[in-house]
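Here's a quick briefing to read alongside the fold. Have the viewer open and follow along topic by topic.

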Amino acid sequence: MEVKKNAEMKRLEETSHAKVPWQKWGPYLSERQWGTVREDYSPHGDAWNYFTHDQARSRAYRWGEDGLAGFCDDKQLLCFALALWNGNDPVIKERLFGLSNSEGNHGEDVKEYYFYIDSTPTHSYMKYLYKYAQAAYPYADLVETNRRRTRDELEYELIDTGIFEEDRYFDVFVEYAKEDPEDILIKISVFNRGPQAAVLHVLPTLWFRNTWSWQPDSPKPSLRQIPGPAGSQTISASHAELGARWLYIEGEPGLLFTENETNNERIFGTSNASPYVKDGINEFVVHAREEAVNPQHSGTKAASHHRLSIEPGKSATMRLRLSPAGPQSIRPPFEKFDETFDQRQREADEFYAEVIPSTLNADETNVMRQALAGMLWSKQFYLYDVDRWLSERGADPFRIRPTTAPRNYQWHHMYNGDVISMPDKWEYPWYAAWDLAFHVLALSLVDIEFAKHQLGLVLRERYLHPNGQIPAYEWNFNDVNPPVHAWAVQFTYRLEKIQKGRGDIRWLKSCFQKLLLNFTWWVNRKDRFGHNVFEGGFLGLDNIGVFDRSAPLPTGGYLEQADGTAWMALYADNMLEIAMELAMGDDGYADMALKFLEHDALITSSLVRLGEGIGMWDEEDGFFYDVLRSGERAERLKVRSMVGLLPLCAATVFEPAFFKKYPEMSERFLRFVRGRPELRETCHDPTEPGVAGRRLFAVLDERRLRRVLEKMLDENEFLSPYGLRSVSRYHQDHPYVVHVGDQEYRVGYLPAESDTGMFGGNSNWRGPIWMPVNGLVIRALLNYHTYYGTDFTVECPTGSGRRMNLYEVAREISRRLNSIFLRGKDGRRPVYGGTTKFQNDRYWRDLIMFYEYFHGDNGAGIGASHQTGWTGIIARGMHLFETSTAEQFLELGMAASIVEVEPDKTAAS
């Protein structure tokens with residue numbers, strides 16, 4: 001039965017097929033542009049100190065803009081955001097504050113409370129909440145106290161300062177609703193939660209990204225006050241590329257104008273070209289400097305100034321409209337404002353009623369919706385022309401004697417200028433390749449076209465290196481992220497095929513061809529001796545190893561990495577799946593499928609056995625470890641970590657249809673396998689049929705699979721009440737220690753923050769729970785289930801006497817992950833640990849933050865507080881196990897992981 005398309009589904013369809021620009025405007029403003037690599041022109045790459053938060057109010061950015069609850073066009077030419085002043089802060093609140101990497105005892109960290117409440121995928125309706133204290137923001141206290149604390153101590157958070165005591169704060173809601181693709185309604189609602197009347201200055205701000213200072217031939221845009229409709233103030237915005245826009249502000253607030261240009265006098269001690277500079281509005285509001293704003297009411301940055309006095313428990317609302325219709329053509333700008341807002345909110349509810357399974361309870365529904373809202377709010381326009389950036393710092397590689405750039409010197413081909421899904425728009429306001437692959441698992445629930453676009457984007461010629469490497473992230477594009485792109489491509493293709501009855505073969509072919517380049521890069525660059533044993537450095541798992549895996553080893557020699565090789569086995573699995581899918585409609589891909597069958601077999605076997613030497617599989621422990629090789633010496637580094645669980649994920653099940661269509665391929669592959677009996681001895685026999693005649697490619701045969709699962713599902717090892725730990729709890733009492741000379745290297749179980757500065761010290765893979773790798777394990781278990789069936793059971797948890805099939809094990813892990821965010825029987829959410837206000841206060845307890853990772857024992861959120869990015873995949877897990885059954889998986893194979901039981905639960909597209 002076909003699902004009736006609701007209004008938001010129709011908008012998505014119009015965007016995709018009719019090219020109606022519903023997504024031209026959205027939350028594409030960053031939450032931190034200062035302290036980024038793009039803005040860093042220092043000789044040694046000290047990005048945090050070259051451009052600081054303190055400078056940001058006065059210094060024009062080169063490559064992007066930031067703001068509170070920001071909104072802009074998809075080229076970030078015209079920006080809108082909120083600014084606030086409580087009468088006590090030393091500066092107006094224009095952007096979020098946080099500690100730089102050197103200031104925090106666990107690295108950089110935002111010190112604010114803000115929440116992504118809602119968003120549709122076309123951003124036809126959006127809602128954001130910022131909690132603004134009425135007392136002076138404790139900038140110095142946060143910096144000094146955190147700087148004094150050691151890595152063994154908790155971080156000092158804003159709520160710890162006491163600034164929210166007696167509820168002396170404002171809840172500031174910002175909502176957007178689109179009248180049409182280009183006409184934006186804006187509502188700002190301020191609630192005084194405190195016991196006394198309080199004053200708040202609200203400054204909705206409109207400005208142009210500064211392009212003219214860097215490109216002298218670029219025409220300078222303008223903002224100016226003009227006469228407008230009665231009962232409102234009007235700002236006219238004119239831009240050569242964007243055209244004309246008008247901002248209508250209800251009422252008669254004062255309008256303040258200045259230029260989005262650097263205050264050279266404050267920053268560099270040199271004279272200003274104009275008396276009106278970026279911090280002019282701040283100077284006017286905070287210091288009453290009337291000369292700081294332009295009396296002619298024109299410039300490139302403007303704000304309306306609303307001084308509100310709000311009684312306790314009361315609220316005030318401001319209404320604005322950013323429109324392409326000028327005063328002569330627009331009807332009264334606020335005539336149908338509330339009606340449109342109500343309609344867009346209803347349409348958002350209707351959309352999510354189709355996306356979120358009706359079997360979820362109210363709390364689960366709230367968590368899932370906020371997870372998806374966070375994913376959609378975390379889009380950002382990301383601009384980085386690496387060639388121009390290198391040239392501007394004198395490091396143009398084509399000059400005769402260029403200076404050396406501190407990073408990204410070999411990526412001069414790159415031009416990024418796109419809306420991209422960010423991990424976290426404050427802590428990580430730059431894309432990361434492997435994060436992005438996980439983002440699409442959640443994004444595809446609501447916007448399959450955007451998910452496909454994201455995966456295709458980093459494979460384009462202006463991202464992908466000519467040698468085939470996928471860029472990692474701006475701090476070092478040369479770093480190596482786990483190769484999960486093909487995994488995400490195959491998932492997304494299957495999803496769309498189920499949703500629409502056909503897959504996007506053209507898109508799949510395009511991705512496959514680029515992924516061939518990347519796969520070849522891995523084979524040529526990361527397999528040192530051609531033994532199908534791969535390295536790669538830290539591979540996204542930061543401090544998980546006993547040594548820094550991206551640096552020269554103190555022992556000399558090199559590491560054979562269990563995860564590096566497992567990632568490549570998974571990569572070969574996924575390329576095999578894609579090639580088989582393409583071959584079903586195009587004979588030209590059949591040979592590629594056979595090629596990846598062979599790649600898969602060789603890489604898979606290398607994990608268990610490497611010639612006659614020591615391998616990564618330890619038969620005594622029943623686990624995989626990295627192998628350290630130095631000269632003739634080889635030693636397993638026996639850290640029980642996610643590194644040793646990842647080989648479990650290198651498993652793919654394929655249906656018999658391919659070999660039925662190409663029987664000669666079956667014969668050729670059997671000939672290949674029979675000529676290498678060691679392949680069948682060391683890994684699962686790929687010729688052995690399973691349920692429904694399926695074949696399984698996996699590192700682990702049934703015996704080894706059971707041994708690994710025994711450790712993985714042991715609550716004294718990996719299985720936490722809240723998911724799978726990144727390092728076994730076994731190491732709490734049995735740390736792994738290596739001595740090299742006088743230096744001791746140690747890995748213990750650290751369920752919370754890192755105790756080292758490795759990789760900045762702001763993440764920890766030595767015990768906490770990480771969503772992306774949990775997601776990989778769940779997906780692998782479902783794969784095994786489709787092959788082995790319901791008769792294959794294991795103890796879960798180990799030693800409990802309770803037996804489950806692998807679908808049930810996957811569901812149990814997902815249930816534990818979900819419980820991080822849900823209220824337990826005690827009414828508390830584990831994610832908020834012992835923070836009383838978040839647990840008990842009615843204005844806080846249902847607001848969800850999706851942290852970067854979680855405490856291995858109690859589930860409390862740790863790290864980046866708004867990394868909805870890959871933590872947002874919690875929405876996919878909640879959806880999956882409410883809309884599928886173990887029997888469906890056996891009947892449909894892995895397609896069941898993305899198909900729904902009933903039409904009213906179908907993912908929207």
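Two strands count as paired here if DSSP finds at least two bridges between them. With that in hand, Ile 226 stands opposite Thr 234 in strand 12. Keep in mind that this is a predicted model.

**Strand 12 and its two partners**

- Strand 12 (residues 232-239) has 7 of its 8 residues buried, so the rest of the structure largely encloses it.
- A reminder for looking at any of these strands: in a regular strand, side chains alternate between the two faces of the sheet.

- Look for an open sheet of 6 strands in the order 1-2-3-10-16-14, with antiparallel pairing.
- Strand 1 (25-26) and strand 14 sit at the edges with a single partner strand each, so one side of each has no neighbour in the sheet.
- Is strand 14 (residues 254-258) mostly covered or mostly open? It's mostly covered, with 4 of its 5 residues buried.
- The partner of strand 14 is strand 16 (residues 301-310), joined in the antiparallel sense by 5 bridges.

- Strand 20 and strand 23 (residues 626-630) run antiparallel and are joined by 3 bridges.
- In that pair, Glu 560 stands opposite Val 627 in strand 23.

**Two helix pairs**

- Helix 10 (residues 433-443) packs against helix 12 (residues 485-500) at an angle of about 15 degrees, with the axes 9 Å apart.
- Angles under 35 degrees count as roughly parallel, so helix 10 is roughly parallel to helix 12.
- The crossing of helix 10 and helix 12 is left-handed.
- Ala 433, Ala 437, Phe 438, Val 440 and Leu 441 from helix 10 meet His 485, Trp 487, Ala 488, Phe 491 and Thr 492 from helix 12.
- By class, this contact has 8 nonpolar and 2 polar residues, and no charged ones.
- How do helix 1 (residues 7-18) and helix 7 (residues 337-355) cross, and within what distance do their axes come? They cross at roughly 85 degrees, with the axes coming within 7 Å.
- Helix 1 and helix 7 are therefore roughly perpendicular to each other.
- Ala 7, Glu 8, Met 9, Arg 11 and Leu 12 in helix 1 meet Arg 344, Glu 347, Phe 351 and Glu 354 in helix 7.
- By class, the contact of helix 1 with helix 7 has 4 nonpolar and 5 charged residues, with no polar ones.

**Two buried residues**

- Thr 122 sits in the loop between strand 6 (114-119) and strand 7 (125-133).
- Even in that loop, Thr 122 is buried, because its relative accessible area is 0% and the cut-off for buried is under 20%.
- Beyond its sequence neighbours up to four places away, Thr 122 touches Glu 8, Arg 11, Leu 12, Thr 15, Trp 22, Gln 23, Trp 25 and Lys 178.
- Glu 8, Arg 11 and Leu 12 also turned up in the helix 1 contact with helix 7.
- Tyr 382 belongs to strand 18 (residues 379-385) and counts as buried at 0% relative accessibility.
- C-alpha to C-alpha, Tyr 382 and Glu 31 are 12 Å apart in space, while in sequence they are 351 residues apart.
- Leaving out neighbours within four places in sequence, the contacts of Tyr 382 include Arg 38, Asn 416, Asp 418, Trp 430, Tyr 431, Glu 474 and Phe 477.

Key. Residues numbered from 1 in each chain as written. Predicted model: local features only at pLDDT ≥ 70, side-chain atom pairs only at ≥ 80, totals over all residues. Heavy atoms only, no water. Buried < 20%, exposed > 50% of the residue type's maximum accessible area, 1.4 Å probe, protein only. Contact = heavy atoms within 4.5 Å. Axes fitted to C-alpha atoms, helices over the stretch in contact; angles between N-to-C directions. Parallel < 35°, antiparallel > 145°, perpendicular 65-115°, else oblique. Left-handed = near helix turned anticlockwise from the far one by under 90°. Nonpolar A, V, L, I, M, F, W, Y, C, P; charged D, E, K, R; others polar.
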